[in-house]
Each structure stands twice: as C-alpha cells, then as structure tokens.
Amino acid sequence: MEFFRIKKDIPFMRHALALNAISLITFLAAVFFLWQNGLHLSIEFTGGTVMEVTYPQTAPLDSIRSKVEKLGYTDTQIQNFGSSRDIMIRLPLQKDAEGKLISSADQSNAVMQALDPATSGAKLQRVEFVGPQVGQELAIDGLKALIFVIIGIVLYLSFRFEWKFALAGIIANLHDIVIILGFFAFFQWEFSLSVLAAVLAVLGYSVNESVVIFDRIRENFRKYRKMNTREIIDNAITSTISRTVITHGSTEMMVLAMLIFGGPTLFYFALALTIGILFGIYSSVFVAAALAMWLGVTREDLIKGDKKPDDNARNDDPNYGARV
Amino acid sequence: MNRYPLWKYLVIAVALLIGGLYSLPNFYGEAPAVQVSSAKPTIRVDLAIQSRVEKILADANINSTGVFFENAGNVGSIKIRFNNTDIQLQARDLIQQKLNVDQNDPNYTVALNLLSNTPGWLNAINALPMPLGLDLRGGVYFLLQVDMKGAVQKKITSLATDIRSQLRDKNIRHQGIDRNQESLSINFGSNDEAESARTLLNTSQPDLVWLVKTSGGTVKLFGEFKPKALQDVQDSAVKQNIITLNKRVNELAVKEPVIQKQGTERIVVQLPGVQDTARAKDIIGRTATLESRLADPVVSSINLGETPPPGMDTFRFGENRLGVFKKSVIFSGDRITDASAGFDQYQRPAVNLSLDAAGARVMQEVTRENIGKPMGMILFEKGKGEVLTIATIQSEFGSKFQITGQPTTESANDLALLLRAGSLAAPMEIIEERTIGPSLGAENIEKGFKSLLIGFAAIAIFMMAYYLLFGTFSVVALAVNLLLLISVLSMLQATLTLPGIAAMALALGMAIDSNVLINERIREELRNGSSPQTAIAVGFDKAWATILDSNVTTLIAGLALLAFGSGPIKGFAVVHCLGILTSMFSAVFFSRGLVNLWYGRNKKVQKLAIGQVWRAQEK
C-alpha cells in the first residue's frame, strides 16, 4: 500500500496567500471569541465546588436547579455530564455571615440533602473543592508552564535554524494555541488543567512538524541548485506529506479512541488534542513555510550558516542534512 | 552492515527481562487481607505484635499466604494475606477477639483490606504494582495548609518566656518584651543593659540575630529569626502535623493512606476508599487535648476491672491498666510551648517540657506542695482519656522540667510527640478537596484502558497493513515501549491516575511517529534505488536525527508541565516525559535490533517486506 502517489510537486505555495488568509481569519475569529466570551475556566482555576451526582433515571434538571437555588446559591451551574442520568453541579466559593469560607463538605452535604437521595435515588459520585489560593496558584503555574514552553521552543528553533525559519515556526505554532483556545471560548467548553496539558503537549508535538519541513527545505536548497525558493518549498512539502499525514493520522487514532471511549473526563482533553493536531499540520506545513518564504529565505541564508570548519567533510555528502 | 554486536542484543534482552519482571506485578490481582493497626495513640504496632498475630493464626490452624509489616511515618501496621474471603473473615474475627483485651474499647483496629497478589519472589526484588490514584479507585483527597504564622508565633511566645527568665537570672533589668510577627524586641532603660543582654542572648538564643537600636531615648534590643531557624520552626510544625495526621488517619482504618508534605507548608492527605468526607474531615480536623493531673498518691494505677478509690477519675493506662487521678487539672496542653526528647543527667532517655508563664506559675505552686507524689499526663481524644505517663515529682520546678523513666529513646521520642500533639499544633486549613466514588473510579480505569487498547489496536492494524513486516516490527516495538513505560513507572512507584493513562495513550500515539519516520525513509531509499541492506542502514541513520528533534520539542513541553504542573497534571507530565525516553529506546534501538535479527544475516536480501514502494517513473 502506498497512499501518496504524487508524480509532480504540488504547487502549495501558489496558494500561499489563500492558505494564510484562511489561517488569519480563523486566528482573528479565535481572538475575537476569546475576548468576547472568555474561557469557561474550570474550578481548578477559579476556586469553588463541583459535585457529580448520578440518578437511577433521567435527572430532573429543572427541579434540581430550583432545589439548589433555594439553598441560596446564586451563580450555580447545573448540567448533564456524560449521560442524561449524570449531572454536574458547580457552586462558587461561598462565604458565611462572618466572611469565613464555607467548607465544601458543608456545601455538598447541604446540596445532597436538598436533592433528597432517599426518594430520588441520587448518588454522590464525586466532589471537588478548590480554595481560592490554590485556584490562583494553578492559574499562575499554568501560565508559567505555557511561557516556559514558548521560550523553550523559541530557543530551540533559533538554535536549530536561521532566524527567518525560527520566527516563521514560532508564529505558526503560537497561532495554533490561540485557535485551540478560540474553540474553547466559542463553544464554552470547560477549560481545565488537563486541557492545558493537552495544549502544551500538542504545541511541542506540532513544532516538530515545522522542523521536518524546514530541514527538507534546507536540504533541497543544497540539492537542487536550479530551483527557485517557491519550487524548493513545494518540493519539500510534497515529499514530506506522506510522513506528515501518516504520523498525525496514527496519533489521531489514539486520540480519537480517547475521545470516543475515554468517557467525559478525557473528552475535552482529547478534543483539545484533536483540534491541536489538525491545525498543527495545517499551520506548520502551509503557514510556517509560506511565512519563511515571505520573510525572504534564500539559498545564501542557509548555506552560509552551515559552513563551520568541522563540517567540511560532511558537506561533500549530497545527502548531508537530509531528513525525512 | 545490519548486524548488532552481541552486547547490543544483550542490552535488549536485559531491558526486556527487567521490563517484564517489574511490570508483572501490575497484572496480578488483589487478594483478601486483614490489616492490624493501632487504635490508640499509646499503643504501638511492632514486630512483637506480628508474632502474636502469627501465633493466634497458627493456634487456630488458619493459613495465611503472607504476613507483612509496614512502618509508615512512625506508625506500624501488619497486613496478613489470605486465600479467600471466608478465611479472611474468620481470621479478622479471631484476631479482633484475641488481640483486644477489652472488646468495647479495643486497642487495635482489625480491618478488612485487599493486598496485591504478587508472589513473594517479585516482592523480594522490590517489584510492586503501581499504586492507583484516587480517581481510579475512589476516595478522598485533601490538601491542607499549615498556618505558619501561628507556628512562628507560638515559638516566639515560648522564646519570650525563656528570655524573661534568663534575663532575670543574670539580673539584667528590662522594661518588657514585645512580640512581633517574626521578631522580638526587648525594651531597656540604658544602652549598657541592652548591650549586656545582647552578649548574653547571642550565646543563649543562637536562633535569633540580636541588634540594638536606639530611637528617641528608648533602647530596644531586636531579635529576628535567622532564616535557617525560621525554616526549622516551619519544618517541625509541618512534621508534627503530619505525625498527628498519621495517628488520626490510622484510626479510620483506611487501606493505604498517603500523608505527605507538599512544598514548604502544605500537607496532602489521600484516603482511598473513604466516602464519608464529613467524618474524615472531623477526624482529621480534631485536636487532641492534654491534661496534667495529680495521680492518687496511694495507688497511682490499678488493673483493669478493679474498683478505683472514690472521688477519683480513671483513664486507660497501657494495655490493661487504669491510671487513678484527682479531678482537678494542673495545666492543659495549650500551656506547653515545647516538648522534646533528650537525656537526663544520668544519660537516661527523658522528655524535656517547657511551659508558658501561666503554666509555670501553677506548676511551681503544685510541685512545691507535692514533692514525692505522682503526677501524670492524659491525652484526650474523642472524649476518651489515655494516660501517657505517670511520674514522681522530684522537686519544685517551673517553666522547664524533665519527665524521666522512659525505657528507650524511642519511647521518649514518642512521648514527646504525643505531648506536642496534645498541645496546640499549628492550625491547618483545608484548601483543596476531591472525593471520588468507587464506582466512578472503576469506570475511569475501565474507560481509560479501553481507549488505550482500542487506539493501540487501530494503530497496530494500520501499521501492519501499510508497512507489512516492518509495520509488525513497529508494533512489537510499540508494545515494548508500553511494557518498559509500565515497568519504569512501577519501579518509581508512581501513582497511576486517569491523566497518567491518557499520557500513556498519547505517548504511544506519538511514539509511532519514530517508526513511521524510519519506514518512510527506508522506502524512500529503496525508491531511489538503494539495495535493501543499504536502505535499512541509511534509513535508520537518517531518521535518527529527525526522531531526536521531534522528541526534544515534545520533551520541552513535558518538562514544563513537570516543573509547573501540580496534582493531576504532574501525573500526566511524568508519564509523558518517561514515555518519550522509553520510545527512543524501543522505536530506534530495539526495532533496529529486530530488523537486524531478521535481515542482517542474509547479505543477499532481494526484497524488504515494507509494503509497496511506488516509483513515479514507473507506470
């Protein structure tokens, strides 16, 4: 079997403008929704209590809502979780008359009492309480992790490549993150710690895609002296596309398995990965290469940088620097 | 060219053997067991109890499949494994009956438990199954914050008392001691007095940095904690709270509780299987109180069952004695500022106690009138008193005194801990809490592994269909990756959580990248007309650079999560990072070994089974 039987290089870069326009529009839409809707942060970041309750039959959402509201909780969220029999109740941090935080056990006990488990058959499955100081810390740590990854990848790319490639790679991959976040803002999916982990993992994963293409471009500059920059990039993308699609396809198979069979806990994690993988291919292949082209990558840029004294011997090898 | 030297095959064989051995315990199930732990702060579970339990079982002809003694955080427990639940129940009842003298007020908690079925020879090489996180088996998780300001304040209060008496001893007059957040200041009338106090305190209170400051006619001597001393105060506050928590949690008879320090001022408590958060919180949050009373001067203790003298209170003393005490309390636990183990002047183990000013005044009065008479310390928990020690008053004393008569340094240590536990430990606050029902836990583990298996199967089918024999090599390498990952995690005893399973799945999904790279590269070499053997060698060599690249970027993200992640994210990050490392071994080193083993011997290989190699030039 061979999926990719491509006789001629596909002229991707002829459509560079269109491909980047799509990218830019998606990016702007993501920024807009992030600004307009904001992220629906999980209690891990905001602090508060989450309860998961399961019913023997379909959960009566409206009556549960009114029961919980009677307890004096405003700003609660009650929704189905996984199936119609499971519900998730989100309570904000609550203070008593003296301004002291009400403990989550008291909160969840009060709610469970109101739900009247004896007659309704409601069963408490899970309680999660995060105090305000922890929530803030987790949010800050999450941001730190994100900054660390960005700096790490910037350093790695600038060490690995000439600056035009590094810049193009970083722009392309950061815009992926914004797009994932934009999806979460648009659909108001819950943004939790595990989604953050997925976002960071996929960032590290898709940067690699740009590295592969850039490597191939560098190799082509050396191999095909008569091609112009556009043809060289087209050839590089064409000859790596088989590997790109197969690897990402394999990873996506695993992610899809989690998305479909992993249950509600893994759902958003897998969803963030799916969006990240799809946009990761798109942006690192089409956007990053096109940006590098527009930044004016030339043969001289690359060949010059490679002439280190100890590399002379290997420079004779026509395949030197070749990577799949 | 495609042959490994022998040592490389040996490395692979050893890795597979170790990987197999250490991942093996995860596949044994769990067997019914009985756990014996102490129900009281004064009772210790040790090896002597173990032999007693073993004898009880042997006398009744009950066969166990293993007896294990564990010492976690200074609290021992014994676990006995049985073949089936019938024997387990029988043994539980028997041990409970024989071990506890008073059935209504048991000294030992005997609880049903589950123990890994791992055979002894695996245990002997320390091959243990991965512990499951709470999200996989249900239970309660608390994150407690220790109030460090409170701990430091307590230390400052006790220092102030000491300093006051030291200055009095040396006849240095001062005009009062002020206590601040993390420092002390002593007011003096003259510079000379302040200076002489400084010389004295520099040697007697080395934990503080002393500085004289003069402003507007008043002379003040400031004492500030040295960073190291402050650190010690905070460390001991956390340590003491952990010990207290250990005792409390033991009482809940939880299977495998985890009580750990997190960061500088936080404590994690994990109680698998506990569902009743309210009760768990009640027990964890409960503070023990300590009372000091005069004992009956005639008979300070009697046997269980004897009638106590009229007008006296009795409390349990050791396993089968009762302490007899007067009703009035000399001082209570909050008067104790410090208790530590040490030695008396004859080098016998002793416990050094310090009291605050109010406690010292009362103590002085009482001891003056009762020299030669016994007094004792009683620890109250859940309204029940437990005698910690009864000792004879040797002389009149005040804020500092010693309790001698401890048989060993260990028991002196224990007593000091208990006395401190009875005094007010630094207060704690619950800042994070998770409760997961057991059915939800079982569901999580099932769903997690189901998606892992389905994903693996999908990748395996695709790889074998697309790359034929080389795809099969890749799949074997991927399976080896999973095996190594599980064994490394088991060796590290990393707790397996749902994010951990997700990371495992993702690690496999990403690891296959390396094999795709290699296979694609070999095909490309064949397409360009290389001979099969050259294609293999060049393919592996050239793919290696890219594999390294791809793993570096993924590792950057993994390390960031490891460094800044907490809770569930940490579990994800650990597996993610380890998965990258094991994949480098399995996808490159191991799969090359397989290929070499298959093709390396035959120099005239005509064709590689790597699927169709399509050439654009052909029709």
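## Where two helices meet

In helix α8(A), residues A197(A), L200(A), A201(A), L203(A), G204(A), Y205(A), V207(A), N208(A), V211(A) and V212(A) meet α14(B) through T546(B), D549(B), S550(B), T553(B), T554(B), I556(B), A557(B), A560(B) and L561(B). Contact here means C-beta atoms, placed from the backbone, within 7 Å. By class, this contact has twelve nonpolar, six polar and one charged residues. Ala, Val, Leu, Ile, Met, Phe, Trp, Tyr, Cys and Pro count as nonpolar, Asp, Glu, Lys and Arg as charged, and the others, Gly among them, as polar.

## About the model

This is a predicted model, where local features need pLDDT of at least 70 and side-chain atom pairs count only at pLDDT 80 or more, while totals for chains, interfaces and linings use all residues. Residues are numbered from 1 along each chain as its sequence is written, with chains lettered from A and ligands numbered from 1 in the order in which they are written.

## How the helices cross

The axes of α8 (residues 193-223) of chain A and α14 (residues 532-564) of chain B come within 8 Å and cross at roughly 155°. Axes are lines fitted to C-alpha atoms, for helices over the stretch in contact, with angles from 0 to 180 degrees between N-to-C directions. The pair is therefore roughly antiparallel (over 145 degrees).

## Chain A as a whole

Chain A has twelve helices and six strands, taken as DSSP runs (helices H or I, at least four residues; strands E, at least two). Chain A is divided into domain 1 (12-41 + 135-315) and domain 2 (48-130), with bounds from an automatic or database domain assignment. Their centres, taken over C-alpha atoms, are 41 Å apart.

Terms used:
Angles under 35 degrees count as roughly parallel, over 145 as roughly antiparallel, 65 to 115 as roughly perpendicular and the rest as oblique.
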